[in-house]
Amino acid sequence: MENLAPSRLLKTRQGTIVVGVAAAVLAAILLLVYLSHYRSSVKGSTEPVTVLVAKRLIPKGTSGTSIAEQNLFVVTTIPKGQLKLQAISDPAVLQGTVAQADIYPNQQLTTNDFTTKTVGALASQLSGRWRAISLPTLDAAHGLAPDIQASDHVDVYAQVRGVTGLVMSDVLVLASPTAATGSAPASGNYILRIPSSKAAKFAYIGQNGSYWLVLRPAVNPLPTRPSLAPTANLFGGR
């Protein structure tokens with residue numbers, strides 16, 4: 001028994017050393033794995049990402065269309081770690097929405113800041129001298145329905161007492177008729193944004209004449225020159 005005691009003691013010490021070494025190796029492996037994940041997360045959080053940031057106060061109820069037209073935001077890049085949840089990187093996301101709360105300068109725009117347009121949102125697209133007017137329903141030939149949609153810009157031509165001419169160019173379409181589905185025809189009217197000084201003229205045309213909407217290019221359109229086309233001159237001259 002006395003001869004076995006040192007042997008057992010040696011084995012116990014060797015086992016303790018083996019366990020200690022194994023624990024140290026495992027700890028080293030776990031540390032390396034942690035450092036690798038940490039470095040990856042740090043690297044990922046510093047990668048630049050695109051986001052829309054408010055340039056100035058965007059009041060509650062402002063439409064996405066108005067925000068884009070008035071350049072109320074700037075497209076910038078920030079470290080990914082600073083990106084807010086649901087942040088918006090594509091301006092197209094704003095189309096058909098309205099701000100459901102005030103958005104302050106330098107605040108990132110997020111989808112949570114906006115909601116889809118509801119009844120009453122039309123007024124949010126107007127300010128100062130701008131007014132909204134609804135014109136009589138057009139057939140597809142006159143109104144290019146359903147191709148002309150809200151946020152498009154058009155030139156408005158009208159015919160009154162045999163004379164056809166340009167009424168106003170670069171008019172914003174606030175709303176358009178619903179597209180025809182199956183055998184059901186398109187319904188609703190075009191609603192245009194016009195200056196208050198033109199309201200009486202548009203109302204007269206809607207009541208007493210015919211009108212056409214001419215779609216303008218989405219990018220870099222050239223100015224439209226005023227023109228008249230009396231019936232007698234349509235087929236004469238050059």
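Val21 sits in helix α1, which spans residues 4-45; helices here are DSSP runs of H or I with at least four residues, strands are runs of E with at least two, and both are numbered from the N terminus. The model is predicted, so local features need pLDDT of at least 70 and side-chain atom pairs count only at pLDDT 80 or more, while totals for chains, interfaces and linings use all residues. Residues are numbered from 1 along each chain as its sequence is written, and side-chain values use heavy atoms, without hydrogens or water.

Val21 is partly exposed, at 48% relative accessibility. Buried means under 20% relative accessible area, exposed means over 50%, and partly exposed lies in between (1.4 Å probe, protein chains only). Together with Ile17, Val25, Ile29 and Val33, Val21 makes a nonpolar surface patch of about 430 Å².

The protein has four helices and 10 strands. Their order from the N terminus is α-β-α-β-β-β-β-α-β-β-β-α-β-β. Of the 238 residues, 26% are buried.

Thr110 lies in the loop between β3 (97-99) and β4 (114-116). This residue is buried, at 4% relative accessibility. The C-alpha atoms of Thr110 and Ala87 are 4.1 Å apart, although 23 residues separate the two along the chain. Beyond its neighbours within four places in sequence, Thr110 is in contact (heavy atoms within 4.5 Å) with Lys84, Leu85, Gln86, Ala87 and Ile88.

Three salt bridges occur in the structure. Such a bridge is a side-chain nitrogen of Lys or Arg within 4 Å of a carboxyl oxygen of Asp or Glu. Arg193 and Glu69 form one, at 3.7 Å from N to O. Arg193 belongs to strand β8 (residues 190-195) and Glu69 to helix α2 (residues 64-69), 124 residues apart. Arg193 is buried, at 15%, whereas Glu69 is partly exposed, at 32%.

Asp155, Asp170 and Arg216 form a network of salt bridges. Asp155 meets Arg216 at 2.9 Å, N to O. Asp155 is in strand β6 (residues 153-160), and Arg216 is in the loop between β9 (210-215) and β10 (228-230). Asp155 is buried, at 6% relative accessibility, and Arg216 is buried, at 11%. Asp170 bridges to Arg216 with the closest N and O atoms 3.7 Å apart. Asp170 lies in strand β7 (residues 163-175), so this pair ties together parts 46 residues apart in sequence.

Arg193 also lies over the face of Trp130, at 4.2 Å from the ring centre. Arg129 lies over the face of Trp130 too, at 4.6 Å. A charge sits over a ring if NZ of Lys or CZ of Arg is within 6 Å of the ring centre and within 35 degrees of the ring normal.

Note on methods:
Patches are made of residues with over 30% relative accessible area and no salt bridge: like charges are joined within 9 Å, nonpolar side chains (Val, Leu, Ile, Met, Phe, Trp, Tyr) within 5 Å. Accessible areas come from the Shrake-Rupley method with a 1.4 Å probe; for residues, only the protein chains shown count as cover.
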